[in-house]
Amino acid sequence: MVSPAASRTSPSGIRRIVAASLVGTTIEWYDFFLYGSAAALVFNTLFFPASDPLVGTLLAFLTYAVGFAARPLGGVVFGHFGDRIGRKRLLVVSLLMMGGATFAIGLLPTHASIGGAAPVLLTVLRLVQGFALGGEWGGAVLLVAEHGDDRSRGFWASWPQAGAPGGNLLATGVLALLAAVQSDEAFLVWGWRVPFLLSGVLVVVGLWIRVSVSESPAFLEARARAEAEEAAGRRRPTPVVEVFRSHGRDVVTAIGVRLGENVSYYVLTAFLLVYVTVHLHLPKSDALNAVLIGSAVHFVTIPLWGALSDRIGRRAVTLVGSVGMAVWAFAFFALLDSRSFAVIAAAVTAGLLLHGAMYGPQAAFISEMFDTRVRYSGASMGSQLASLLGGALAPIVAVELLKSYGSSVPVSVYLCAAALVTTIAAVAARETRGRSLTGSRGAVPAATAGSSGGR
């Protein structure tokens with residue numbers, strides 16, 4: 001069994017683990033978000049030609065949602081093997097699957113070339129993307145969380161979270177650059193393929209970094225304990241069964257904590273592209289550059305929110321974001337309607353700052369809810385089920401509401417309702433700050449138990 005002394009990771013070691021998780025997660029989110037941006041900007045024309053631009057966009061976002069539908073399945077499969085054979089190996093597999101699918105999308109013939117087979121192939125590759133990402137999130141945040149110490153876990157574990165805006169920043173930046181140097185015709189003919197093909201290079205870089213890290217010491221300790229129990233004739237159920245037996249409330253809590261964050265992110269980024277370009281009839285460069293600016297600020301501030309959660313608790317920081325987002329939902333679209341690029345960029349940036357307050361503490365918050373032996377499965381299921389209910393539907397619901405009512409007010413109500421769900425979940429959750437990730441259900445140390453403020 002791994003001793004506590006052996007399990008402690010040096011400062012340089014934790015920085016190396018964080019770098020590997022951040023780079024790999026950034027690449028995976030680049031691949032995933034690239035599809036969302038392309039769905040809003042070009043896939044409606046190339047793969048789903050229709051007379052009504054919003055109908056074509058809606059069909060494009062349906063394939064976008066298919067990727068989310070595959071994420072819970074990916075979470076279950078990757079979680080099962082991640083809890084059995086380790087976090088590191090599964091992270092390598094997820095990166096290869098995601099990168100391969102994204103590269104293949106860049107080679108796909110369009111509807112004009114092969115007809116209905118084009119959207120079918122696109123959907124299949126989107127399923128592979130979703131399956132891979134369903135296993136990526138849990139493994140990446142756990143590898144960091146289980147290497148870090150109990151007092152600063154919120155800060156260190158938030159860095160893989162920064163991979164989401166990092167990937168979006170990279171995807172949006174490449175698209176914005178192409179939009180700036182190409183005509184719309186050239187972008188539709190071949191320019192959109194460049195960012196997808198670039199994924200092949202990024203995956204090689206990510207693999208080179210990711211294979212160099214060590215396995216989680218908490219997992220090694222849990223595996224040694226499980227092997228000893230099996231040698232004694234005691235067998236535990238599979239991780240997914242044990243999650244629902246002993247952590248059912250935690251799975252529901254994780255879904256609630258993540259729902260408002262997920263809905264808000266995809267409204268603020270993916271649906272924004274549709275609203276600005278189709279509804280407001282502004283150049284796509286305005287929407288892309290606004291997301292670019294907001295994502296840069298988002299990337300920098302997520303670890304700051306994570307660090308704050310180490311001081312005042314996961315619940316408190318999450319509530320700052322969820323309550324703020326419930327209010328901002330109504331101001332956001334009013335600011336977009338100004339049609340001023342500066343105001344639009346400020347609106348997106350402020351929204352992503354509030355999103356970061358929910359997202360920054362989330363990796364530590366959800367990781368601390370589960371025992372080590374089922375942590376990959378539990379964290380992945382809770383987060384990916386929320387993604388299916390939230391992120392998968394958010395752009396579709398938002399586009400349909402805009403199409404049906406011709407107004408942003410119903411979209412604001414939808415965003416506000418999702419943020420209130422997260423508010424309720426955070427209020428009802430147990431505070432986990434300071435909880436150890438070794439042993440059973442990780443008791444909160446006496447030094448922090450009295451100040452956690454949770455139930």
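Predicted model: local features only at pLDDT ≥ 70, side-chain atom pairs only at ≥ 80, totals over all residues.

Q: What does D150 form a salt bridge with?
A: With R153. The closest N and O atoms are 2.4 Å apart.

Q: And R153, buried or exposed?
A: R153 counts as buried, because its relative accessibility is 1%. R153 also forms a salt bridge with E368, with the closest N and O atoms 2.9 Å apart. That pair links distant parts of the chain, 215 residues apart. R153 is in helix α7, and E368 is in the loop between α17 and α18.

Q: Which other salt bridge does E368 form?
A: One with R314, at 2.8 Å between the closest N and O atoms. R314 lies in helix α15, so this pair ties together parts that are 54 residues apart in sequence.

Q: Which residues are in the network?
A: D150, R153, D310, R314 and E368 are linked by salt bridges.

Q: New topic: which residues touch the most other members in the largest nonpolar core?
A: F43, F47, W192, F271 and L336, out of 116 residues in that core. Helix α13 gives the most to this core, with 15 residues.

Q: What does F47 touch?
A: Its contacts include L108, P109, H111 and W192, leaving aside residues up to four places away in sequence.

Q: Now the surface. Which residues form a nonpolar patch there?
A: L73, V77, F81 and I85, with about 320 Å² of accessible area together. F81 is in helix α3. F81 counts as partly exposed, because its relative accessibility is 41%.

Notes:
Residues numbered from 1 in each chain as written. Heavy atoms only, no water. Patch = residues over 30% accessible without salt bridge, like charges linked within 9 Å, V, L, I, M, F, W, Y side chains within 5 Å. Areas by Shrake-Rupley, 256 points an atom, 1.4 Å probe, with all protein chains shown as cover. Salt bridge = Lys/Arg side-chain N within 4 Å of Asp/Glu carboxyl O. Helix = DSSP H or I, 4+ residues; strand = E, 2+ residues; numbered from the N terminus. Buried < 20%, exposed > 50% of the residue type's maximum accessible area, 1.4 Å probe, protein only. Core = buried A, V, L, I, M, F, W, Y, C linked by side-chain atoms within 4.5 Å. Contact = heavy atoms within 4.5 Å.
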